[in-house]
Amino acid sequence: MKTETENLQIVLITGMSGSGKSVALHALEDVGFFCVDNLPPELLVPFVELEKAHRASRVAIAIDVRTATSLPLLPEQLSALQKQGIIVKSLFLDATTGTLVRRYSETRRKHPLSQSTSEHSALDQRRVLVDAIELERELLAVLREQAHVIDTSILRSSQLQGYVKALISTPGEQLTLVFESFSFKRGVPDDADYVFDVRMLPNPHYEPELRHLTGLDQPVAAFLQDQADVVQMLDHIQQFLNHWLDALARDHRSYVTVAIGCTGGQHRSVYLVERLVKLFADKWVTLKRHRELDAA
C-alpha cells in the first residue's frame, strides 16, 4: 500500500516570461491538477505539507523570475521532496529572444525585470527589453539545467498543451525519450539534447508522387526504406543512443530529447522519428513530436 507521500505528484513549471507558462498551467488544470501560479519558493515546502494533509494527488506549481531573490532555494527543496518519495517533474518553457520580444510588443505587457518607461524611444525600449530577457536567462539558468525544456518559439497554444499533457503522463521514475522531427528552415529546437541533421539523405520531395505525402505515409516509408543511406543513418543514430542512454539514466536524467531535422520537416525526419520510436519503445518510455506536422 502506497503512503500519502508516494501518491503525491508535483509538476513544477518555470521558464521565461512570455514563454507560455500560463498555457501549460491551464493544460494541467484540464487534466485534474490543482494549480498554483507564482508561488514564492519560500512557501513551496509548507504548501506541499498542506497538500499532503489534504491528501492531494496531483499538484502543479508555476514559479517565475518575479521571486528572483529566493530562486536559489528551489534545487535543494526539490531534491528534499524527491527524497520523501514525492514524484517531481520540472518543466522549463523557453523561447528565442526574438520571439519573446515580439510577444511583449504584441501584448504591450511589461517584462517583470524591465525598467523602461514611456520616456524611452522605441529603440531604447527594445534594448531595455532584450537586456531584461538576457538577465532573466541568467537568473533561471540553474533551473533550466535541471528541468525538461520545451521550446515554445513556434508552438501554438494547442501544441504546447498537448506536449505538456503527454510529458506528465509518463512514469516519473523512468527516463523518457522524446523524439522530435523538425524543419531546419524554421530553426533548430532549443529544447533538443541531441540534434541529427538528415538533409543529406535522398529526399522524397523530389519524387512527384510523394511530394504531397509525409513520412507517416506508407509510400514515403517504402521509398526511404530502400535507400542505403537512410538505413545507415538510422543504424548510426540507434547505435549512438544505445551506447549512451544507460549512462544518462544512471545520471538521473528524466527526459532526453532527440531532434531529427530535414529541410521541410515533412518526409525524412518524420520517417526516422517514427522508426526510432518503434526501435526504443520496448526498453524506454518514448514520446514523439512532429513539430511541423503538428502545426498544420
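This is a predicted model: local features need pLDDT of at least 70, side-chain atom pairs count only at pLDDT 80 or more; totals for chains, interfaces and linings use all residues.
1. Five strands form an open sheet in the order 2-3-1-4-5, and their pairing is parallel. The edges belong to strand 2 (34-37) and strand 5 (148-151); each has a single partner strand, so one side of each has no neighbour in the sheet. On average, neighbouring strands are turned by 20 degrees against each other, direction ignored.

2. Strand 2 pairs with strand 3 (residues 58-62) in the parallel sense, over 4 bridges. To find one of them, pick F34: its bridge partner in strand 3 is V59. As background, strands in a sheet pair through backbone hydrogen bonds.

3. Next, the helices on the sheet. Helix 2 (residues 21-30) lies across strand 1 (9-15), strand 2, strand 3 and strand 4 (87-94), and runs at about 165 degrees to strand 1. Helix 4 (residues 74-83) also packs on the sheet, where it touches strand 1 and strand 4, and its direction makes about 150 degrees with that of strand 4.

4. Which residues of helix 2 are buried? They are K21, A24, L25, A27 and L28. These residues sit on the same side of helix 2, because they cover an arc of only 155 degrees around the axis. An α-helix has 3.6 residues a turn, so residues three or four places apart point the same way. The cover over the buried residues of helix 2 includes strand 1, strand 2, strand 3, strand 4 and helix 7 (157-168).

5. Finally, see what comes after helix 2. G32 follows this helix, with a positive phi near 100 degrees.

Technical notes. Residues are numbered from 1 along each chain as its sequence is written. Side-chain values use heavy atoms; hydrogens and water are left out. Two strands pair if DSSP finds at least two bridges between them. Helices (H or I, at least four residues) and strands (E, at least two) are DSSP runs, numbered from the N terminus. Axes are lines fitted to C-alpha atoms, for helices over the stretch in contact, and angles run from 0 to 180 degrees between N-to-C directions. Contact means heavy atoms within 4.5 Å. Buried means under 20% relative accessible area, exposed over 50%, partly exposed in between (1.4 Å probe, protein chains only). The arc is that of the directions from the helix axis to the C-beta atoms.
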